[in-house]
Amino acid sequence: MAEKNLEEMREAVEAIREKMAAAAREAGRDPAEVQLCAACKTRTADTVAASAALAIDVFGENHVQELCANYDAGAYCGKPSHFIGHLQTNKIKKVLGRASLIQSVDSEHLLAAIEKEAAKASIVQDVLLEVNIGGEESKSGVSPEQLWPLLDAAAAEEHIRVKGLMAIPPVNDDDAQNRRYLAQVYKLFVQAGERGYQNVKMETLSMGMSGDFENAIREGATLVRIGTAIYGERDYSKVGLAPASSPSRGASGVSSKLHPAAKASPR
């Protein structure tokens, strides 16, 4: 599957939107509750700008250099950009002001670094806390048990606002098991919102990618991150990036046996 042209992207987004709406209605939800985040890793600024005319709500970037390049080129065409990859503390300055939401906060160390830089910039940075729901060593995120001290730490910061959770369930061939993992994340999402912190408001539950976004919506996701199903296969040679070695940044939440179209990295 090669990278798609504009008309192919348009058809892909329309099909994805139809599936999103159907999954939401199946769960008794309003389809308008769920946002589509286009994961545009390795895409050129021209491709991203072209796709901005489609029914995409948010753009998600895995790499800081791509976020900077696309943001500075105006490729998002006024739509929000989120940072969804692993964030190194020495690159936080470049993300602040460009990403309206950092989805991948997974440690108190990173929290403290974001707080420090946000304070310097006199801004309040919105974040999601990333949960490693399957306890996989190859993936980022805190365990469900570690979520609570991380949430406590975030609630104590003046320049951070927690807006929700992000998760990537383990790859598996079992549709029911995939939904169980997603349901566990939703339960944590609800419990976190019940803690009553002033700067914690559980509004965004980011889970579901090209392989399992319908299940994610059925289990409560408010934002799904989809890349390959929109844009086609990634060509890393275009941007001089090697494929991510960590499965947490390139593996689908569910086997492509469930969704044959998702054979490459779903982001």
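Reader: What kind of model is it, and how are things numbered?

Author: This is a predicted model, where local features need pLDDT of at least 70, side-chain atom pairs count only at pLDDT 80 or more, and totals for chains, interfaces and linings use all residues. Residues are numbered from 1 along each chain as its sequence is written, and side-chain values use heavy atoms, with hydrogens and water left out.

Reader: Zooming out, how many helices and strands does the chain have?

Author: There are 9 helices and 8 strands. Those are DSSP runs numbered from the N terminus: helices are H or I with at least four residues, strands are E with at least two. Of the 267 residues in the chain, 55% are buried. The accessible surface comes to about 11,100 Å², and 48% of that belongs to carbon and sulfur atoms. Those areas come from the Shrake-Rupley method with a 1.4 Å probe; for residues, only the protein chains shown count as cover.

Reader: What about the largest nonpolar core, how many residues has it?

Author: It has 68 residues, and those with the most contacts inside it are Leu-36, Phe-59, Leu-129, Leu-165 and Val-224. Helix H6 (residues 144-155) gives the most to this core, with 7 residues. Apart from it lies another core of 5 residues, among them Leu-128, Met-166, Ile-168 and Met-209. By nonpolar core I mean a set of buried Ala, Val, Leu, Ile, Met, Phe, Trp, Tyr and Cys residues joined through side-chain atoms within 4.5 Å.

Reader: Which residues is Val-224 in contact with?

Author: Leaving aside neighbours within four places in sequence, the list for Val-224 includes Met-20, Val-34, Leu-36, Met-207, Phe-213 and Ile-217. Contact means heavy atoms within 4.5 Å. Across the chain, 66% of contacts between residues at least 6 apart in sequence join residues at least 24 apart.

Reader: Switching to charges. How many salt bridges are there?

Author: The search of the whole structure turned up 12. A salt bridge is a side-chain nitrogen of Lys or Arg within 4 Å of a carboxyl oxygen of Asp or Glu. One of them joins Arg-98 and Asp-72, at 3.1 Å from N to O. Arg-98 lies in the loop between helix H4 (92-95) and E4, and Asp-72 in helix H3 (residues 64-72), so the pair ties together parts that are 26 residues apart in sequence.

Reader: Are those two buried or exposed?

Author: Arg-98 is partly exposed, with a relative accessible area of 21%, and Asp-72 counts as exposed at 51%.

Reader: What else is there?

Author: Arg-195 bridges to Asp-152, with the closest N and O atoms 3.5 Å apart. That pair links distant parts of the chain: Arg-195 is in the loop between H7 and strand E7 (200-206), Asp-152 in helix H6, 43 residues apart. Then Glu-203 and Lys-201 meet at 3.6 Å, N to O.

Reader: Last one: which residues of H3 are buried?

Author: Val-64, Glu-66, Leu-67, Cys-68 and Asn-70. Their cover includes helix H2 (45-51), strand E2 (58-61), strand E3 (81-83) and H4. H3 is followed by Gly-74, whose phi is positive, near 75 degrees.

Technical notes. Buried means under 20% relative accessible area, exposed over 50%, partly exposed in between (1.4 Å probe, protein chains only).
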